[in-house]
Amino acid sequence: MEQPLGQDPIPVAGSLDKSKVLNVRPLRQLVPVFPSASNVSSFSTPQGAAPFVCAGPSGPFPPGVAPFYPFFFSPNEQSQQTPGGTTNTNASFGLNSPISTAVPISSFRTPTEGTSAQNTGSSRKNSRRRAQLQDGYSDGQNDNSQYYGIGANDGEDSSKAGRKNKSKKKTRNGQDINFMSDVDIDAMLNDMVSTYNLSVLDSNRQAHGSIEAVSCVLMVFDLLRRKISQVEESKESTPGNIRRPDLKAGAFLMTKGVRTNSNKRVGTVPGVEIGDIFFFRMELCLVGLHAPSMAGIDYMGLKISQDEEPVAVSIVSSGGYEDDTNDADVLIYSGQGGVNRKDKESTDQKLERGNLALEKSLHRGNEVRVVRGVRDFSNPTGKIYVYDGLYKIQESWVEKGKSGCNVFKYKLVRLPGQREAFLTWKLVQQWKDGNASRIGVIIPDLASGAESLPVSLVNDVDDEKGPAYFTYYAGLKYLKPVCSTEPSAGCNCIGGCLPGNLNCPCMQKNGGYLPYSSNGVLASQQSMIYECGASCQCPPNCRNRVSQGGLKFRLEVFRTKGKGWGLRSWDPIRAGAYICQYAGEVIDSSKEKDSVGDNEDSYVFDAKRSCPNLEVLPGDSDGPPRLPFPLVISAKNVGNVARFMNHSCSPNVYWKPILRENKSEHDVHIAFHAIRHVPPMMELTALSKDVFEQGGIAWLVLLEMR
């Protein structure tokens with residue numbers, strides 16, 4: 001065989017000495033190797049032929065050759081002089097400077113200034129398709145990749161871990177925005193989890209859960225998710241990059257073993273109650289209610305004599321297939337597979353995997369957990385997942401779907417005697433739409449228009465006509481102004497405070513981040529929240545004025561069985577969401593005992609004591625709130641819905657003090673936020689009035705408010 005371009009023989013098949021292969025690496029980590037000098041070549045050049053030229057990424061380049069992206073190089077660095085005055089050709093080829101560690105080509109983004117409108121539209125289309133995967137289904141079952149959100153759903157790049165934080169300064173709406181280009185999120189999450197109280201998650205509780213274990217896992221997940229969302233907002237957004245902090249937080253906790261009910265089971269799941277709601281599929285995975293993060297059918301193998309056959313343990317019906325969900329007690333569920341995903345043709349569904357498991361469960365008669373996905377009206381593309389209890393499969397059949405292909409259908413019937421869940425959602429929606437009347441309404445709007453949403457007064461228990469007389473007032477009444485010793489000029493964010501603003505004093509007081517997410521959920525874990533106030537130039541809809549926008553949920557004051565009047569919501573409330581503030585009259589703390597009687601004491605809120613931390617957080621992790629003055633509020637004669645909130649040993653509401661920026665006066669308020677997700681028509685309760693010891697940590701518990 002001729003070898004005009006080289007001296008070394010080409011190895012034939014089987015003649016390669018594999019012992020000389022020192023290291024094998026992925027292609028994306030390989031770096032080019034160049035000759036040691038310009039006059040040395042690996043090839044021999046035939047006499048009279050043009051010499052072979054090998055140009056390194058740093059040059060020099062022969063005529064007609066230019067550097068290519070991303071290996072641009074400064075011309076003044078293309079040659080160096082040796083001490084003797086000669087040109088160091090090795091330096092000009094970049095041989096004396098080692099080439100940096102190779103990175104995937106996908107890490108480099110082509111500049112978007114010249115992007116055509118057609119490409120932009122395509123990018124948006126792809127982004128929408130990736131976003132649709134949040135609530136989509138996967139044909140695969142029990143695949144480990146489903147637990148970690150691998151694919152387009154996860155907008156995080158794990159290759160960024162360990163890099164130094166870098167910032168990129170830009171201007172938006174007249175504000176200097178400092179975008180963080182690289183943040184070591186994994187290290188941040190490790191630091192956070194290391195401080196949490198996870199004692200309830202021992203090895204036994206990881207396999208077999210409890211109410212405490214489920215509550216702990218969900219709380220840790222939501223704290224991490226909110227923090228990741230905070231950090232992600234400080235990064236510059238990338239077209240086509242979908243941010244999914246829920247998948248990042250879920251994958252991290254799965255890796256660390258912070259989960260419960262890891263052992264699959266048929267029937268109820270310890271610690272998960274009928275009617276519990278979830279805003280993310282990863283929450284279902286972490287508590288063991290439904291293992292796959294995308295697939296709609298979860299199943300396990302049961303050994304029958306010598307053979308093992310699959311049986312279904314849970315299903316999620318969230319609109320990905322042609323399910324019939326109109327009946328609250330009967331669900332017509334479609335099998336998996338064969339769905340047209342626009343890039344593939346529709347095919348007949350097959351009796352395998354999840355479909356086979358449902359068929360086996362029909363013949364075995366085992367119970368199947370059902371999770372129904374309902375529309376999240378606060379998020380047009382989101383869903384809320386409601387655990388609707390146990391069902392049994394009564395029959396199955398095959399019919400033609402809308403695509404013309406065969407689809408398996410399964411009829412599931414809800415077991416009697418269980419508390420209502422999905423039926424409650426349907427009933428509340430009928431009240432909102434005006435298709436049904438709320439029974440027992442005494443006053444349609446107790447607030448008489450003082451709130452942004454009506455607050456109904458309802459009694460369907462006894463003949464009580466209403467609470468004792470009081471004046472409804474949505475804010476605080478100061479008997480006299482409390483002058484500030486440290487006047488604040490406020491912020492100059494004309495269009496509203498934005499993540500990453502370098503010059504916003506309100507953000508600086510909140511640790512450099514906005515304390516709320518884009519949907520108004522509290523992300524800050526500081527003991528005091530600093531909101532924009534009267535001295536700030538931002539508009540009323542600024543993201544840092546969440547507690548000033550009035551009620552966000554449709555609340556009702558209702559008559560309880562044995563506890564007087566209580567408070568609940570028609571709407572689902574996400575963990576960390578703002579509910580209301582404690583309104584009333586600010587009284588002199590030095591005369592508190594003289595100014596209120598025993599009966600009035602149940603309506604007095606004393607903010608001088610430390611505010612409670614969430615269960616998993618260490619006591620006083622950020623120290624007690626440094627209030628500018630001792631705040632004591634009486635809601636006996638003047639108040640809002642918060643005065644009707646009862647106490648509980650297992651509360652779902654906690655409070656945070658809020659200081660609003662004001663030039664001359666102190667403006668302190670008490671805001672209530674949800675500890676965990678609260679489904680519609682569940683009573684909102686706070687902690688009791690006393691301070692008790694739990695694990696050596698003093699927990700302040702709020703007051704009994706009736």
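Strand β9 (residues 368-375) and strand β10 are joined by 7 bridges and run antiparallel, where strands are DSSP runs of E with at least two residues and helices are DSSP runs of H or I with at least four residues, both numbered from the N terminus, and where two strands are taken to pair if DSSP finds at least two bridges between them. Within this pairing, Arg375 has Lys383 of β10 as its bridge partner. The model is a predicted one, in which local features require pLDDT of at least 70 and side-chain atom pairs count only at pLDDT 80 or more, whereas totals for chains, interfaces and linings use all residues. Residues are numbered from 1 along each chain as its sequence is written, and side-chain values use heavy atoms, with hydrogens and water left out.

Strand β10 (residues 383-400) is also joined to strand β5 (residues 277-278), through 2 bridges in an antiparallel arrangement, and here the bridge partner of Phe278 is Tyr385 in β10. A further antiparallel pairing, of 9 bridges, connects β10 to strand β11 (residues 406-414), with Trp397 bridged to Lys409 of β11. β10 and β11 form a hairpin with 5 residues between them, and in the turn Gly404 has a positive phi of about 90°.

Buried here denotes under 20% relative accessible area, exposed over 50%, and partly exposed the range in between, computed with a 1.4 Å probe on protein chains only. The largest nonpolar core holds 62 residues, of which Leu224, Phe278 and Leu289 touch the most other members. Helix α6 gives the most to this core, with 12 residues. Leaving aside residues up to four places away in sequence, Leu224 touches Leu189, Met192, Val193, Tyr196, Ala249, Phe252 and Leu253, contact meaning heavy atoms within 4.5 Å. A second, separate core of 42 residues includes Leu555, Tyr603, Ile633 and Met645.

Helix α4 (residues 185-194) packs with helix α6 (residues 211-233) at an angle of about 145°, their axes lying 11 Å apart; axes are lines fitted to C-alpha atoms, for helices over the stretch in contact, and angles run from 0 to 180 degrees between N-to-C directions. The contact involves Ile185, Met188, Leu189, Met192 and Val193 on the α4 side, and Leu223, Leu224, Lys227, Ile228, Val231 and Glu232 on the α6 side. These residues divide into 9 nonpolar, no polar and 2 charged, with Ala, Val, Leu, Ile, Met, Phe, Trp, Tyr, Cys and Pro counted as nonpolar, Asp, Glu, Lys and Arg as charged, and the others, Gly among them, as polar.

β21 and strand β22 (residues 632-634) pair in the antiparallel sense over 3 bridges. These strands lie in an open sheet of 4 strands with the order β15-β20-β22-β21 and mixed pairing. β15 (476-478) and β21 (604-606) stand at the edges with a single partner strand each, so that one side of each is left without a neighbour in the sheet. The twist in this sheet averages 25° from one strand to the next.

Another open sheet of 4 strands, also with mixed pairing, has the order β16-β25-β26-β19. β19 pairs with strand β26 (residues 668-674) in the antiparallel sense over 3 bridges, and Gln581 has Ala671 of β26 as its bridge partner.

Arg353, in helix α9 (residues 353-364), has a positive phi of about 50° and is partly exposed, with a relative accessible area of 35%. Ser448, in the loop between β12 (441-443) and β13 (456-458), has a positive phi of about 55° and is exposed, with a relative accessible area of 68%.

For the protein as a whole, the secondary structure comes to 12 helices and 29 strands, and buried residues make up 46% of the 706 residues.

Key. Core = buried A, V, L, I, M, F, W, Y, C linked by side-chain atoms within 4.5 Å.
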